[in-house]
Amino acid sequence: MSQGKSMLIDTSKCTACRGCQVACKQWNNLPATKTTQRGTYQNPEDFSADTWKLVRFAEGRAENGKPYWYFWSDMCRHCVNPPCKMSTDGVDPTAILQDEATGAVIHTEKTRAFTASDIRAVCPYDVPRQDAKTKVFRKCTMCLDRLGAGKMPACAQSCPTGTVVFGEREDILKLAAARVSELKKTYPKAQAVDPQDVRVIYIVTDDPARYNKHAAA
Ligand code: SF4
Ligand code: SF4
């Protein structure tokens, strides 16, 4: 039986071009967000109801004094057992849906009946954002509409470096394991982040928390 779909995001290949971020906005018809210069290349500062894909930039110094600059193409992880859905199911099991064929987690218009403590606070990766006007929670849909038409998610389609790869979950899990064992030869801390719990699996070469404070559950 198929395990549904998964996505691999190999941060070791990411150049922070933000093609994925723009492709997400374009496909989903999401308006641009007004931002201010904050002394970083990351823009906008955070997710919002209109920003579902965000390339996070993180810089710092390792214990040995060596500087690092990491990129993290952030999005909903489409959890295998989604805490957001578990939190709302007791009140309305149709507010958050999980697509049977792919495993995509979909926040519907009915999420407007819930609060941030029901949905955002329970997300281990701090992903969903409530629209200030409609009160609906919004986030990545795995481009379920594109998948239905035989296409890849817009971010995977647009990535020029092979960082974002989409496919059958069993293939993605194998690909992740092979890539981690390759990277470990050079980077002993190389790892896949929460691979058994999520459908969007990140590969890192250093501690996940250095990339994004909400990198791991
Ligand atoms: S990452 Fe957060 S919003 Fe996405 S499925 Fe998991 S709990 Fe829900
Ligand atoms: S499109 Fe690919 S290389 Fe460019 S920022 Fe996104 S994940 Fe990184």
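Mentor: A residue is near a molecule or strand if one of its heavy atoms lies within 4 Å of it. This is a predicted model, where local features need pLDDT of at least 70, side-chain atom pairs count only at pLDDT 80 or more, and totals for chains, interfaces and linings use all residues. Residues are numbered from 1 along each chain as its sequence is written, chains are lettered from A and ligands numbered from 1 in the order in which they are written, and side-chain values use heavy atoms, with hydrogens and water left out.

Trainee: Okay, which residues come nearest to ligand 2?

Mentor: Out of 14 residues around ligand 2, the nearest are Cys 14, Cys 17, Arg 18, Cys 20 and Cys 159. For ligand 1 there are 13 residues, and Cys 76, Arg 77, Cys 79, Cys 84 and Cys 123 come nearest.

Trainee: What makes Cys 123 buried or exposed?

Mentor: Buried means under 20% relative accessible area, exposed over 50%, and partly exposed in between, using a 1.4 Å probe and protein chains only. Cys 123 has 14% relative accessibility, so Cys 123 counts as buried.

Trainee: Why is the pairing of Asp 89 and Lys 85 called a salt bridge?

Mentor: The term asks for a side-chain nitrogen of Lys or Arg within 4 Å of a carboxyl oxygen of Asp or Glu.

Trainee: Where do Asp 89 and Lys 85 lie?

Mentor: Both sit in helix H2 (residues 83-89), four residues apart, about one turn of the helix. Helices are DSSP runs (H or I, at least four residues), as are strands (E, at least two), numbered from the N terminus. An α-helix has 3.6 residues a turn, so residues three or four places apart point the same way.

Trainee: How do you know whether Asp 89 and Lys 85 are buried or partly exposed?

Mentor: Lys 85 has a relative accessible area of 15%, so Lys 85 is buried. Asp 89, at 29%, counts as partly exposed.

Trainee: What about Glu 109, buried or exposed?

Mentor: Exposed, because Glu 109 has a relative accessible area of 51%. Glu 109 forms a salt bridge with Arg 112, the closest N and O atoms being 3.5 Å apart.
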